[in-house]
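This report describes one protein structure for a reader who has not seen it before. Please look through the sequence and the structure before reading on.

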Amino acid sequence: MEDGQSKHTISSRLQAVKQKSGKSYNQIAEETGLTNVYVAQLLKRQAQLKPETAPKLRAALPELPEELLHEMMKPPLRSYDPNLIQEPTVYRLNEAVMHFGESIKEIINEEFGDGIMSAIDFYCSVDKVKGVDGKDRVVVTLDGKYLPYSEQGLKTTTHVDRRSRILLQFL
């Protein structure tokens with residue numbers, strides 16, 4: 001597993017390859033069949049490059065060294081800098097989720113039942129559209145699989161026998 005320092009170094013090198021290509025995240029996304037946010041996640045070492053996608057990324061970024069391509073195929077250290085919240089865009093996104101989150105939760109529960117949106121089986125994209133007033137607007141799409149909460153009955157835990165359950169109670 002990479003540590004924070006090597007993650008930063010690798011990410012910096014990946015960003016340099018992108019910058020040298022002159023391509024935007026949208027262009028790379030179109031060439032690879034990924035979302036623009038996922039491409040950014042790959043180049044920030046927040047997502048793992050799948051072997052079947054590697055040739056598409058190599059075609060989109062021909063300057064990408066083989067060693068970095070292989071590094072991108074390793075499971076990443078998914079983390080963030082706690083100071084990131086101070087960055088104005090990140091702060092506003094957090095503010096929007098905190099402000100609208102309770103209402104979004106209520107609607108998810110009303111429409112689907114008691115559960116959550118997955119952040120693992122998840123797609124995210126950022127798009128630019130014109131508003132009714134003609135001004136640019138940001139559209140952030142969060143598309144996650146619905147995951148219902150499970151009732152935890154005794155018959156649900158088939159992998160733990162009765163004796164193990166009793167031993168766990170004493171721990």
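In which helix is R92 found? R92 is found in helix 6, which covers residues 88-112. The account below concerns a predicted model, and it returns to this residue after an outline of the fold.

## Overall layout

The protein has seven helices and two strands. Their order along the sequence follows the pattern α-α-α-α-α-α-β-β-α.

Of the 171 residues of the protein, 23% count as buried. The accessible surface of the protein is about 13100 Å², and carbon and sulfur atoms account for 57% of that area. When contacts between residues at least 6 apart in sequence are considered, 58% of them join residues at least 24 apart.

## The nonpolar core

The largest nonpolar core contains 18 residues. Those with the most contacts inside this core are L14, L49, L57, L61, L64 and M72. At least two residues of the core come from each of these helices: helix 1 (4-21), helix 2 (25-32), helix 3 (36-43), helix 4 (54-60) and helix 5 (66-72).

What does L49 touch, leaving aside its neighbours within four places in sequence? L49 is in contact with L42, A54, L57, L69, M72 and M73. Two of these partners, L57 and M72, are also named among the core residues with the most contacts.

R45 is placed in the loop between helix 3 and helix 4. This residue has a positive phi of about 60 degrees, although R45 is not a glycine. As background, most residues other than glycine have a negative phi. Is R45 buried or exposed? R45 counts as buried because its relative accessible area is 0%, and buried means under 20%.

K74 lies in another loop, the one between helix 5 and helix 6. Leaving aside neighbours within four places in sequence, K74 is in contact with R45 and Q48. The C-alpha atoms of K74 and Q48 are separated by 6.2 Å, while the two residues are 26 residues apart along the chain.

## Salt bridges

Side chains of opposite charge can pair when their charged atoms come close. How many salt bridges does the structure hold? The structure holds eight. One of them joins the side chains of K74 and E71, with 3.2 Å from N to O. The two partners fall in separate accessibility classes: K74 is partly exposed, with a relative accessible area of 43%, whereas E71 is buried, with 18%.

K128 forms a salt bridge with D136, and their closest N and O atoms are 3.6 Å apart. K128 counts as exposed because its relative accessibility is 66%, and exposed means over 50%. D136, at 46%, counts as partly exposed. Salt bridges that share partners join K128, K130 and D136 into one network.

## Positions listed in UniProt

Which residues does UniProt list for "active site"? An unreviewed UniProt entry lists R92, E95 and S118 under that name. Like R92, E95 is found in helix 6.

E95 and R92 lie three residues apart in that helix, about one turn. E95 forms a salt bridge with R92, in which the closest N and O atoms are 2.9 Å apart. E95 is partly exposed, with a relative accessible area of 37%.

## The nonpolar surface patch

Which residues form a nonpolar patch on the surface? The patch is made of L93, M117, V126, V138, V140 and L142, and together these residues have about 510 Å² of accessible area.

Strand 1 (115-130) and strand 2 (136-148) each supply at least two residues of the patch. Strand 2 gives the most, with three residues. L142 lies in strand 2 and is partly exposed, with a relative accessible area of 46%.

Conventions. Residues are numbered from 1 along each chain as its sequence is written. This is a predicted model: local features need pLDDT of at least 70, side-chain atom pairs count only at pLDDT 80 or more; totals for chains, interfaces and linings use all residues. Side-chain values use heavy atoms; hydrogens and water are left out. Patches are made of residues with over 30% relative accessible area and no salt bridge: like charges are joined within 9 Å, nonpolar side chains (Val, Leu, Ile, Met, Phe, Trp, Tyr) within 5 Å. Accessible areas come from the Shrake-Rupley method with a 1.4 Å probe; for residues, only the protein chains shown count as cover. A salt bridge is a side-chain nitrogen of Lys or Arg within 4 Å of a carboxyl oxygen of Asp or Glu. Helices (H or I, at least four residues) and strands (E, at least two) are DSSP runs, numbered from the N terminus. Buried means under 20% relative accessible area, exposed over 50%, partly exposed in between (1.4 Å probe, protein chains only). A nonpolar core is a set of buried Ala, Val, Leu, Ile, Met, Phe, Trp, Tyr and Cys residues joined through side-chain atoms within 4.5 Å. Contact means heavy atoms within 4.5 Å. UniProt positions are given in the numbering used here, feature names are shortened, and annotations may be inferred rather than shown by experiment.
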